[in-house]
Amino acid sequence: MNFIEGTRVVPESELQANNITRYHVTPFYREQITNSGYYEQLKYIIEPSVEEFESPGNLDTSGEHDNTVVPGLQHKYAQTGLLLVTDRCASYCRYCFRKRLVGKDSDEIAPDFAQVAQYIAGHPEMTNVLLSGGDPFVLSTGRLDKILDHLLPITHLSSIRFGTKMAAYEPKRFDDPTLAALFQRIHEAGKVPVIVTHFDHIGEISIDAEHRIRSLRAQGVQFLNQSVLLSKVNDDPQILAATFAKCHQIGVRPYYLFQGRPVRGASHFQVSLRRGLEIAHGVNQRLSGIQKTFKYIMSHYTGKIEILDLGADGRIYMRYHQSKAPEKIGKIFSRPHLEGACWLDDLPQG
């Protein structure tokens, strides 16, 4: 198995005996979740178990392969490009990018950013690029600056986004004084720098993270947050409402609550669609009007789909939120509900 510390052979007997495999988490995050009072929930997203190896699903379930237009760049939504700038993270979330856990190295890293920029320049409908991977902030600021050299001259890009969990894992990363200059470069190019945080649980939001976020906001950086709905971790409307309220308090706008997708080694984190809708409704009941900014979303290979409700007719109603096909965006459709279904493809057509 390939881990951040190197390759290790993990025999099945050892997994069965210990019910845990080797994992990596930053000392800061370990201390934060241990002292947060929520460790019994948060341990599930960092500590792997035998369940992962018994969990079904695919390695690529939301269109990464089909929508990779040049190496490292995915264009599965008309307005957004996803640029995979690294395959590394500061720590491991057990529900994300399972290729690392099954011993496969990523081959999705862009070797030629000029080629990426050329593609984006030829697609004026693309208004923003999300730097992801991995986590872009594991890269040096100098490396990020070189990537921006290719993106900032593209006039139709209005924002440069950085998808990261570093605010939870290692907030000191944002003390780097050269980051201020990087964000200023983005401003001077007439674009908005946006950091998309990944707080799944209020126990991950530290005082240190809050301090850095407020400081960056004072520099003109905008913040959004996306969370993944995870069984045993945050499948509780009270926990999620508290998480989203805290995000709003520190100036981070929650915009997605993701339905966990059926990725091999992570399907045990999935929550049924019926329960997910109950949780989403329960969160909204607990939030004030100005805090109700999130959408309950399924990232499907056909596009991002907003999950709306389970109707009295026994059908789950959904709406395309983003799609490569513009005619799909905003379109409401439904499928018959099947008890225990966790995914669009679990629902029968008709």
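The buried residues of helix H9 (residues 207-218) are Ala-209, Glu-210, Arg-212, Ile-213 and Leu-216, where buried means under 20% relative accessible area, exposed over 50% and partly exposed in between, with a 1.4 Å probe and protein chains only. Seen down the axis of H9, these buried residues fall within an arc of 170°, so they line one face of the helix; the arc is that of the directions from the helix axis to the C-beta atoms. The model is a predicted one, in which local features need pLDDT of at least 70 and side-chain atom pairs count only at pLDDT 80 or more, while totals for chains, interfaces and linings use all residues. Residues are numbered from 1 along each chain as its sequence is written, and side-chain values use heavy atoms, with hydrogens and water left out.

**Helix H9 and its surroundings**

H9 has 12 residues and reaches 17 Å from its first C-alpha to its last, close to the 16 Å expected at 1.5 Å a residue. The expected span is 1.5 Å times one less than the number of residues. Helices (H or I, at least four residues) and strands (E, at least two) are DSSP runs, numbered from the N terminus.

The face of H9 turned away from the buried side carries the exposed residues Ile-207, His-211 and Ala-218. The buried residues of H9 are covered by elements including helix H7 (166-169), helix H8 (177-188), strand E8 (192-197), strand E9 (222-229) and helix H10 (237-249). After H9 comes Gly-220, with a positive phi near 95°.

Arg-212 lies in H9 and counts as buried at 11% relative accessibility. Leaving aside neighbours within four places in sequence, Arg-212 is in contact (heavy atoms within 4.5 Å) with Pro-171, Lys-172, Phe-174 and Asp-175.

**Helix H6**

In helix H6 (residues 141-151), the buried residues include Thr-141, Leu-144, Ile-147, Leu-148 and Leu-151. Viewed down the axis of H6, its buried residues fall within an arc of 115°, so they line one face of the helix. Among the elements covering them are strand E5 (80-84), helix H5 (113-121), strand E6 (128-132), strand E7 (159-163) and H8.

Strand E11 (residues 295-300) is mostly covered, with five of its six residues buried. Strand E10 (residues 253-259) pairs with E11 in the parallel sense; two strands pair if DSSP finds at least two bridges between them. Leu-257 has Tyr-296 in E11 as its bridge partner. Between E10 and E11 the chain crosses through helix H11 (residues 273-286), and this β-α-β crossover is right-handed. Right-handed here means that, with the strands pointing away from the viewer, the path from the first strand over the helix to the second runs clockwise.

E11 also runs antiparallel to strand E12 (residues 303-310), and Met-298 stands opposite Ile-305 in E12. E11 and E12 form a hairpin with two residues between them. E12 in turn is joined in the antiparallel sense to strand E13 (residues 315-322), where the bridge partner of Leu-310 is Ile-316. The hairpin of E12 and E13 has four residues between the strands, and Gly-314 in the turn has a positive phi of about 80°. E13 pairs in the antiparallel sense with strand E14 (residues 332-336), in which Pro-336 is the bridge partner of Arg-315. The bridge counts are as follows.

| Strand pair | Sense | Bridges |
|---|---|---|
| E10 and E11 | parallel | three bridges |
| E11 and E12 | antiparallel | four bridges |
| E12 and E13 | antiparallel | six bridges |
| E13 and E14 | antiparallel | five bridges |

**Ala-266 and the cysteines**

Ala-266 is found in the loop between E10 and H11 and counts as buried at 2% relative accessibility. The C-alpha atoms of Ala-266 and Glu-52 are separated by 5.9 Å, although the two residues are 214 residues apart along the chain.

Cys-93 is buried at 11% relative accessibility, and Cys-342 is buried with a relative accessible area of 13%. A search of the whole structure finds zero disulfides, a disulfide being a pair of cysteine sulfur atoms within 2.5 Å.

**The chain as a whole**

The chain has 11 helices and 14 strands. Of its 350 residues, 54% count as buried. Among contacts in the chain with a separation of 6 or more, residues 24 or more positions apart account for 72%.
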